[in-house]
Amino acid sequence: MSIVDKARTMLQEWKGDGYVFGLNVLDSIGTTAASYGKKTMIVSLDMFQEINDKVQKTLEDAGVTVVGNGIVPSAKPNAPREDVSRIETYILHFKPDSIVVIGGGSAIDAVKAANALS
């Protein structure tokens, strides 16, 4: 078994259906978010516009409302405190059932911190 196959097996055993990964997973975001509730918030950057549009459509097709007046701007590199606070404010104001973050480590870290603070 290759290391990639081992990693896949470990993730599936550990997270079950709560963690989606691999190729062509964007179409499953809507149903995954819908399992947490009917309101989600998308945190991303404008540079990912094509992906943002696809994710938003997938969510809407699953009956999930995107809150936050569209896409909430993501964090700069190294997740500055100001960005975390701004995202926290969106979470507190819109009270999403789930948060979809599109981006890398800083974006993910900022959203996790903002969610914990909220």
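Predicted model: local features only at pLDDT ≥ 70, side-chain atom pairs only at ≥ 80, totals over all residues.

Visitor: What makes Asp 27 and Lys 54 a salt bridge?

Guide: The closest N and O atoms of Asp 27 and Lys 54 are 3.7 Å apart. The cut-off is within 4 Å, so the pair counts as a salt bridge. Asp 27 lies in the loop between helix 1 (3-15) and helix 2 (29-34), and Lys 54 lies in helix 3 (residues 49-61), so the bridge ties together parts that are 27 residues apart in sequence.

Visitor: Why is Asp 27 called exposed?

Guide: Asp 27 has a relative accessibility of 53%. Exposed means over 50%, so the term applies to Asp 27. Lys 54, at 39%, counts as partly exposed.

Visitor: Why is Asp 83 called buried?

Guide: The relative accessible area of Asp 83 is 4%. Buried means under 20%, and Asp 83 is therefore buried. Arg 86, with 25%, is partly exposed.

Visitor: How do you know that Asp 83 forms a salt bridge with Arg 86?

Guide: Their closest N and O atoms are 3.5 Å apart, and the limit is within 4 Å, so the pair qualifies. Both residues lie in helix 4 (residues 81-94), three residues apart, about one turn of the helix. Asp 83 and Arg 86 are also linked with Lys 76 in a network of salt bridges.

Visitor: How many salt bridges does the structure hold?

Guide: The structure holds six salt bridges. Among them is the pair of Lys 112 and Asp 109, with the closest N and O atoms 3.8 Å apart.

Note on methods. Residues numbered from 1 in each chain as written. Heavy atoms only, no water. Salt bridge = Lys/Arg side-chain N within 4 Å of Asp/Glu carboxyl O. Helix = DSSP H or I, 4+ residues; strand = E, 2+ residues; numbered from the N terminus. Buried < 20%, exposed > 50% of the residue type's maximum accessible area, 1.4 Å probe, protein only.
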